[in-house]
Amino acid sequence: MGIRFNCVCKRFGPKIILNDVSFEVSDGEILFILGKSGAGKSVTLKHIVGVLKPDSGSVFVGDTNVSILSDEALTAVRRQCGMVFQHPALLDSLTVYQNVSFGLRTPQYLASLERPLTENEIQKIVIEKLSLVNLGSDVLDKMPSALSYGMQKRVSLARTLAPSPRYLLFDEPTTGLDPITTNAVNDLIFELSRKLNVTSIVVSHDMQCALKTADRILVLDQAKILTIGSVSEIKQSNEKLVKDFLEETLALFLPSSIGGHG
Amino acid sequence: MRELIVKSMNRFFHEFGSICLFVATIVKTVFCTRGNAQAILAQISSVSYRSVSTVAFAGIFVGAILVLQFHRILVQYDGEIFLGGLNTSAVVREVGPLLISFLLAGKIGAFTAAELGTMRVTEQIDAIQCLGTNPIQYLIVPRWIAIIISSVILLVIGLVISIGGSMLVSNILLDINPLQFASSIGQFTDLSTVASGIFKSAVYGTIVASVSCYEGYTASGGARGVGKAVTQAAVYINLYIIIANTLTSNMFEFLQDVLVPFIKGAW
Amino acid sequence: MNQPVLAEQIHRVASTSSLFRKTLLKFADSPWRWKEIFASTSQMGVGSLPIITLSTAFSGLVVTNEIAWHMDKVLHTVDMMPGFTGQFILRELGIVIPALLLVSKVGASTTAEISTMKVTEQIDALKLLGIDPIKYLVFPRLIASIISTAALTIYSVAITLACAIAVATFRYHFSVAEYLNALRHFVTFADLFYALIKGAVFGTVIPIISCSYGFECKGGAEGVGNATTNAVVASTIAVIFLDFALTLLFTYL
């Protein structure tokens, strides 16, 4: 099943963003999409939840072709997809508790249950998801503006996890986070996919995280797929851009040896 | 020069068409989904509470300006006895709704555009959509309805205060006592004056609501985008209000003078 | 109004007047950046022409109809309409309508621009480069706004009058000569001068308030939105209040 892109093309005005992109992600897999800024990474994600529609080609989530669905039909698909945005995107008029429980109160989530959730059950889920991202129940009644940027991002992640989505889409989840939280988020992505068979697609600049966490890596360049393959395949790739990305990572790991060459 | 005119005409009609489509979507959502009366009431009270002191302040001065101007002109015709009536009628029918709604364009229109624009550029609206909630239903509809209702409330409050302000100023500065001021009001105004004032308020309120929601909802591009949305909302609200003012200015008299005799004749 | 709100308003007025004082000091600070001032003037003036033309033309139309209707209702004659509308347009309507439009057109975009510069730390960058943001950003806008608002005020008085005359001619069967005669009877050269002064005063307060709110902006996109909104409201109130004060002043002059 999973998620499948079939010859997707997309342009904004004269600018081509995606040019004949096809790939497949199977259930429980973690795919990292790497590429330079403006390579079309975020646009790829937005196609999956149907916020953007392809000019040609089709996008399948499970068995459903989301590129031809109406907005009403899309809500059922979106219910299965959890999207984590680049910014925290918390609703700033609501408390942390209301933010995290937002997705648990939508009609189509309630329709997928046998009976409506009681307030106690909602609270239990909220606290459980917050603890997954290392936040205690003391933040529940705070407003988003009272939290640090890193905490807001973690609350945002908890909000996405609350309705237990089958597919998780991350738009640069670790940008702007400190190294320790970055590791925690990567571990969380890994655990979710192994324990709950959640499919994850992660858009990132961070080759280091990708090498550690990903099952497969896809590199986008100039609107096309440059290469796609497992971690070991990527490491042996001859493409210049991939090598640049890898060297950047090596420089982080082994600063002294690079310096020695110079 | 010709290029400037063609360009601004193009932009004007493009913008106007998009706003109409947006309002059509809102209206469709209003009728197709269950309304949330509580959210609407909360919005009404927050919008009205935020703006009422500003509207009152502006109302007093609008009344005062008009009284001074009209008095100066009427003295030349020895028509001071008409001051109260002319001033009240002008405030209620025409200048009051116009000037006060310019203030609402900033106080409510720009505020809403800024609020929604911020939610758009910080991806909050996308987040709502991805969590499976229709942002038009959740964010726009309560605001749209609330802004229309509270605009009417605020404009009516503003008009009443303007008339009070006129009386006060004419008493203090021009030495006309309030009874004298009120004596000619009946000559100028009747029920249609009040109806016209309220109708105009509702039309202007709809303009404020629709344009500000549209500009905020379609904002893009970070802090700069929010600034642009707010500016555009303020400019377009003012422009549309002036156009609507022209279209509705003599409508009630037209209805009274043409339609009523016509119906009577047909009867 | 509760105390924190009142305190904030007082703080706003204080910071705006301090910015005004600092900007006034730049008058002595030569050389003036004429190129910048001209560019700004043409951007504010020419950029606002379409919307000002359209809206003042409409307001001329409406005011003529309204006043004629009132006269007809109470006096059963419209004979006095030209003198009445002419004075009202020259002293009030032709001045305050464009001023309120410029608040949203010029004022809001100034605040949006400056507050965006503030939140993206461009203003701090200017200071670090040793450039005075008041001289560089505020002063040219002030001069440009005074020039363009005064010019636009005269322009819109002319457009409003032209439209009023057109309506009077076509709908109420006055001749143009009759209208102008009545106008000459009541309107003096001083009225035009007062209009110019009102325009210049509005042209002064709008950019100062807008820039002041822009400099005070905090936070990201949200801050820009709030600053712009507050600036529009404050400028509108200031225009209405100053219009009253000046009208009062001119009445007793």
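A: A crossing is called left-handed if the near helix is turned anticlockwise from the far one by less than a right angle, and right-handed if clockwise. This is a predicted model in which local features need pLDDT of at least 70 and side-chain atom pairs count only at pLDDT 80 or more, while totals for chains, interfaces and linings use all residues. Residues are numbered from 1 along each chain as its sequence is written, with chains lettered from A and ligands numbered from 1 in the order in which they are written.

Q: Which hand does the crossing of α5(C) and α7(C) have?
A: α5(C) passes α7(C) in a right-handed crossing.

Q: And at what angle do the axes cross?
A: Roughly 145°, with the axes of α5 (residues 133–172) and α7 (residues 189–215) of chain C coming within 8 Å; axes are lines fitted to C-alpha atoms, for helices over the stretch in contact, and angles run from 0 to 180 degrees between N-to-C directions.

Q: Which residues make that contact?
A: Among them are C:L142, C:I146 and C:T149 of α5(C) and C:G199, C:F202 and C:G203 of α7(C), where contact requires C-beta atoms, placed from the backbone, within 7 Å.

Q: Switching to chain B, how many helices and strands are there?
A: Chain B has 10 helices and zero strands, taken as DSSP runs numbered from the N terminus (helices H or I, at least four residues; strands E, at least two).

Q: How many residues does chain B put into its contact with chain C?
A: Chain B gives 55 residues and chain C gives 53, and on the chain B side the largest share, 16 residues, comes from α9(B).

Conventions. Contact = placed C-beta atoms within 7 Å.
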